[in-house]
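Subject: Handover of a structure

Dear colleague,

Please find below the structure that I am handing over to you.

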Amino acid sequence: MHIDELKLTNYRNYEKLALSFSPQINVFIGENAQGKTNVMEAIYVLAMAKSHRTSNDRELIRWGADYGKIEGVVERKYGPFPLELVLSKKGKKAKVNHLEQHRLSDYIGQLNVVMFAPEDLHLIKGSPQVRRRFLDMEIGQVSRVYLHDLLSFQKVLRQRNSILRANQGRNGLQDVMFDVYTEQYIELAVQIMRKRFAFAELLQKWAEPIHAGISRGKEELRVIYEPLKGISPDQSAGEMAERLGSRLAELKSRELERGVTLAGPHRDDLTFLVNGHNVQTYGSQGQQRTAALSLKLAEIELLKQETGESPVLLLDDVLSELDDYRQSHLLNTIQGQVQTFVTTTNIGGINHETIRQAELYHVEAGKASAEKKDV
Ligand SMILES: Nc1ncnc2c1ncn2[C@@H]1O[C@H](COP(=O)(O)OP(=O)(O)OP(=O)(O)O)[C@@H](O)[C@H]1O
């Protein structure tokens with residue numbers, strides 16, 4: 001799939017912007033703070049209905065404006081169709097083919113994107129929250145059911161936590177609603193864990209050969225999803241529910257002490273092993289970069305397999321962070337196959353022939369102009 005056109009109205013530092021794109025490589029060049037990342041972010045928001053940089057949608061609306069709008073024309077196998085997202089102080093409205101979608105889970109997934117930004121290089125080293133977000137965003141793009149379960153789970157978790165908070169410091173808790181929420185919580189948690197197990201397995205399947213290729217056969221990457229101890233992928237849903245239920249019962253007095261839920265998918269993590277060692281603890285910077293790059297390339301393959309079409313790749317300021325060898329590996333892999341958007345302050349830092357055929361856009365102070373020229 002690819003994006004043919006993008007229109008922004010009052011989005012970040014763009015009052016108005018209208019661009020059409022090459023189905024291959026599009027490069028945005030400009031000085032710092034001119035609006036390159038803002039275009040990448042707008043494409044990401046058009047796909048995911050939320051930003052990768054902030055959870056506050058108001059930040060996306062141009063200062064002083066009442067609303068912001070992102071419009072796009074997306075081309076898939078079955079033809080082109082428009083997507084529209086309007087952000088206002090009252091919330092957001094999402095349209096596919098001019099029809100408003102009342103549930104965002106029906107909107108997300110029409111356009112699939114893979115974002116690779118410098119912060120993704122911290123996927124391995126960063127906090128578990130970064131890896132959980134990665135899991136949720138990636139699974140959410142291919143499974144509406146997952147998104148729906150995740151939103152319900154987050155709601156029940158908030159409800160359960162608010163009862164715990166209201167009873168914080170007490171010795172015991174007899175509350176029918178608490179028991180009802182706990183039951184719903186366990187049911188949804190099990191659905192989420194099962195999907196995360198399946199996703200980690202697929203990720204491993206695709207990332208392992210890619211990582212082996214980049215490391216010239218020297219390294220074997222393993223991806224391990226780590227939910228609550230005692231829960232494993234071979235268990236039935238009933239067994240998982242029983243394990244989580246008994247752990248919550250054991251933790252009840254501590255939960256009352258702390259006023260929060262202490263076991264469940266909101267505390268899960270992913271572990272990456274290179275040649276059997278945890279790359280987070282023992283990996284060199286180079287191994288961590290190779291692992292992060294392999295995971296991103298695996299994401300492209302995984303989305304292709306799930307949807308039958310290549311997703312759109314967003315490389316925000318990341319090529320300059322990769323050495324020539326990894327840069328070439330990435331660009332050779334996607335060449336001609338995946339519509340790609342690249343931002344850079346210095347095109348000279350990208351040593352690859354694909355960039356010579358790319359469509360160039362110069363970005364200055366919230367204005368982008370297209371220019372085809374030889375680099
Ligand atoms: N809601 C907003 N309204 C108006 N301007 C905004 C808004 N949010 C951010 N900006 C402006 O957008 C600019 C930043 O743009 P962006 O993050 O796209 O930079 P960039 O070109 O990617 O730079 P770098 O190379 O440093 O990453 C800043 O000048 C910032 O003040």
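The notes below describe the annotated site, the strands beside it, and then a separate sheet with its helix.

This is a predicted model, in which local features need pLDDT of at least 70 and side-chain atom pairs count only at pLDDT 80 or more, while totals for chains, interfaces and linings use all residues. Residues are numbered from 1 along each chain as its sequence is written.

The annotated site

The UniProt annotation "binding site", from an unreviewed entry, covers G30, E31, N32, A33, Q34, G35, K36 and T37. UniProt positions are given in the numbering used here, feature names are shortened, and annotations may be inferred rather than shown by experiment. G30 is placed in the loop between strand 3 (25-29) and helix 1 (36-48); helices (H or I, at least four residues) and strands (E, at least two) are DSSP runs, numbered from the N terminus. K36 lies in helix 1.

G30 counts as partly exposed because it has 19 C-beta neighbours inside 10 Å, whereas K36, with 25, counts as buried. The cut-offs are 20 or more other C-beta atoms within 10 Å for buried and 12 or fewer for exposed, with partly exposed in between; C-beta atoms are placed from the backbone.

Leaving aside neighbours within four places in sequence, G30 is in contact with K36, T345, H362, V363 and E364. Contact means that the C-beta atoms, placed from the backbone, lie within 7 Å. On a like basis, K36 touches F28, G30, T343 and V363.

The neighbouring strands

Strand 3 runs parallel to strand 13, joined by five bridges; two strands pair if DSSP finds at least two bridges between them. I29 has T344 as its bridge partner in strand 13. In strand 13 (residues 340-344), five of five residues are buried. T340, V342 and T344 point one way, and F341 and T343 the other. Strand 12 (residues 312-316) also pairs with strand 13 in the parallel sense, over four bridges, and L313 stands opposite T340.

A separate sheet and its helix

Three strands form an open antiparallel sheet in the order 9-10-11. The edge strands, strand 9 (221-226) and strand 11 (277-278), each pair on one side only. Six bridges join strand 9 to strand 10 (residues 269-274), and Y225 stands opposite L270 in strand 10.

Helix 5 is followed by R216, whose phi is positive, near 55°.

Yours sincerely

Key. Contact = placed C-beta atoms within 7 Å.
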